[in-house]
Amino acid sequence: MAELFPVSSKLFARAQKVIPGGVNSPVRAFRNVGMEPFYTQSADGCRLRTPDGNEFIDYVLTWGPAIFGHNDAEIRAAVHAAVDRGLGFGTNAPDEVRMAELLASVVPAVEKVRMTNSGTEATMSALRLARGFTRRDKIVKFAGGYHGHVDALLVKAGSGAMTFGRPDSLGVTAGTAADTFVLPYNDVGAAEALFAARGNEIAAVIVEPFLGNIGFIMPVPGFLEKLRELTKNAGALLIFDEVMTGFRVSLQGTMGVHGVRPDLVCLGKIIGGGLPVGAFGGRADIMDSVAPLGGVYQAGTFCGHPVALAAGIAAVEKLLREKDVYARLSAFGEALAGELERAARERGVALQVPRCGGMFSLFFSEKPVRDLEDATRSDPEKAKKLFRFALENGVFLPPSPYESCFISTAHDEAALEKTARVLCDGIRAL
Ligand SMILES: *Cc1c(COP(=O)(O)O)cnc(C)c1O
C-alpha cells in the first residue's frame, strides 16, 4: 500500500526494526487483511487523518471507546481540567467516589466496584476473585470469547489470536490451560453436560453476553438464562465481560437488552472516555473479598487514575444526559445494514449483518452466525476484499474479517450516505 500510504509505509519500516512486528498490539499490524497498516496523525468526530493526507470515516473508533466520536470537546475539556489539578496523586481522589457511584447506579448487578487500568486487568482480577470467593479452581469460557490477554483466558480467544491460526498462545502453561474449560457459545446442551459432570469444581463462567471479538454474535433465547441457572445451582459465579458491550449496546450494556443478572461484571473501553481504564464490580459480599477487607489481592499504582477517571466520568455523564444516544446509533446501524443487505441480495452475495445499539458486523455467510464455528465458516476473502475497497474509498472497517464495527454519535447523515455508497459498491465489486 506504499502508493496509498507513503509516509505511513516509511514509519512502519522504522517501527519494525524496534517494535516487534512494528506494533504495540497485534491487530494493528493489519496482517489479517494482508496489508501494511497506516498511521493516524489526528482524529476528530467520525474521521481519522493519516500523515499521508488520507481521511477515513472510522468504524473502529479506538476499538469501541469513542462513542461520541474522536476528540469529543466535553471529554477533552474534562481532561484538561484534571491535568491542571495534577497528573496523579497516589492517594484517594474525589473522582474515584464519583465514578464508583455512577457505575453502581447505572450498571445492573454492580453494588461495589474497583477500577483497573485495562479490561485485561479487570477480567484477570474478576477471575482471581471468583476463585478466591468460591475456593475452586476451574473456570469456563466460550470459544471465540476474548477477555484480554489473561493466561487462563487465551484459549480459543477470538479474532486477534484466531486469525493468525494460533488459537492458544505460547507461554500459557499446560496447567493453566487445564483449569479452563472451553464451551461452544449458544450451546445449552454442552453447558448442561459440563455442569452435570464437573459443576462442583467450577469457580466461574465468564462470558461476553454478546460476543464482540469474533464479529458480533447475539445469544439465542434461553442461553444466558441457562448459564445463570447452572452457575447458581452449582455454587459457581457468573461473570459478564461487558468491556466491549458496556455502555455500547445500551446504557446498561447487554443487560439493557436481556434480563439476566450476573454476580460480577467487567467493564472498560467506553468508561475510560478514550483513556486506559477497566473496572470489575458486582455483589457487595463478593467484592468485599478483595484486599484490604478480604484475602484476594488486587492493586495498582495507577488504578483510579484521576486523568483517566475525569475522561471516563465525562463520557458516562454525557451518556446519561443525552437520552437519545442509543436510538441514534441503532437508527444509523439499521439504515446502513438495510442498504448493505439489499445490495448483497441484488448481487447474490450471502451476507449477514448482526447488530445492536452502536455495534454491528459483516459475515459473508448463508446462515445467521451463532458461534465461533459458524463465524470461521463465513468467507474471509470477501471480507478482506471489501476492507481494501473501503479503505481505498475513504472508509476504515476493522482490519480483520472477525471484528465488530462501531458507530459513534458523530457518524452523521453525510457519513451514512458515503459509507453506504462505498460499501454497496464494494459488495457489487466482489
Ligand atoms: C477489549 C476487551 C478486553 C480487554 O480490554 P483491554 O483494555 O484491551 O485490556 C476484555 N474483554 C473484552 C470483551 C474486550 O472487548
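Let's start with a cysteine: Cys266 is buried, because its relative accessible area is 0%, under the 20% cut-off. Keep in mind that this is a predicted model.

## Cysteines

How many disulfides does the structure hold? The count is zero. Cys266 is in no disulfide, and its nearest cysteine sulfur belongs to Cys303, 13 Å away. With a cut-off of 2.5 Å for a pair of sulfur atoms, that distance is why Cys266 goes without a partner. Is Cys46 buried or exposed? Cys46 counts as buried, at 2% relative accessibility.

## A four-stranded sheet

Next up is an open sheet. Four strands make it, in the order S1-S2-S3-S13, and their pairing is mixed. Strand S1 (42-44) and strand S13 (395-396) are the edge strands; each has a single partner strand, so one side of each has no neighbour in the sheet.

Walk across the sheet from S1. S1 and strand S2 (residues 47-49) run antiparallel and are joined by three bridges.

The hairpin of S2 and S3 has five residues between the strands, and in it Gly53 takes a positive phi near 95°.

Ile57 stands opposite Val395, which is in S13.

As background, strands of a sheet pair through backbone hydrogen bonds, and they can do so parallel or antiparallel.

## Rings and charges

Now for the aromatic side chains. A search of the whole structure turns up 14 aromatic pairs. Two of them are set out here.

| Ring pair | Centre to centre | Angle between planes | Arrangement |
|---|---|---|---|
| Phe142 and Phe223 | 5.5 Å | 75° | edge-to-face |
| Phe387 and Phe396 | 6.3 Å | 70° | edge-to-face |

What does the pair of Phe142 and Phe223 tie together? Phe142 lies in strand S5 (residues 138-142) and Phe223 in helix H8 (residues 223-234), so their pairing ties together parts 81 residues apart in sequence. Phe142 counts as buried at 2% relative accessibility, and Phe223 counts as buried at 0%.

Why is the pair of Phe387 and Phe396 called edge-to-face? The planes of the two rings stand at 70°, and angles over 60 degrees get that label, so the pair is edge-to-face. Phe387 is buried, with a relative accessible area of 2%, and Phe396 counts as buried at 6% relative accessibility. Which residues do ring pairs link into a cluster with these two? Phe5, Phe30, Phe38 and Phe56 are in it, along with Phe387 and Phe396.

A charge meets a ring as well: the charged end of Lys318 sits over the ring of Phe68, 4.8 Å from the centre of that ring.

## Two residues to look up

Lys226 is found in helix H8. Is Lys226 buried or exposed? At 17% relative accessibility, Lys226 counts as buried, because the cut-off is under 20%. Leaving aside neighbours within four places in sequence, Lys226 is in contact with Val188 and Glu192. As for Pro6, 220 residues apart from Lys226 along the chain, the C-alpha atoms of the two are separated by 53 Å.

Where does Ser361 lie? Ser361 is in the loop between strand S12 (359-360) and helix H12 (372-377). Ser361 is buried, with a relative accessible area of 0%. A polar atom of the side chain of Ser361 lies 2.8 Å from the backbone nitrogen of Phe216. Apart from neighbours within four places in sequence, Ser361 is in contact with Gly215, Phe216, Gln352, Val353, Pro354, Glu403 and Ser404.

Technical notes: Residues numbered from 1 in each chain as written. Predicted model: local features only at pLDDT ≥ 70, side-chain atom pairs only at ≥ 80, totals over all residues. Heavy atoms only, no water. Pairing = 2+ DSSP bridges. Helix = DSSP H or I, 4+ residues; strand = E, 2+ residues; numbered from the N terminus. Buried < 20%, exposed > 50% of the residue type's maximum accessible area, 1.4 Å probe, protein only. Phe/Tyr/Trp six-rings, centres within 6.5 Å; stacked < 30°, edge-to-face > 60°. Lys NZ or Arg CZ within 6 Å of the ring centre and 35° of its normal. Contact = heavy atoms within 4.5 Å. Polar contact = N/O pair within 3.5 Å; in protein donor to acceptor, adjacent residues only side chain to side chain.
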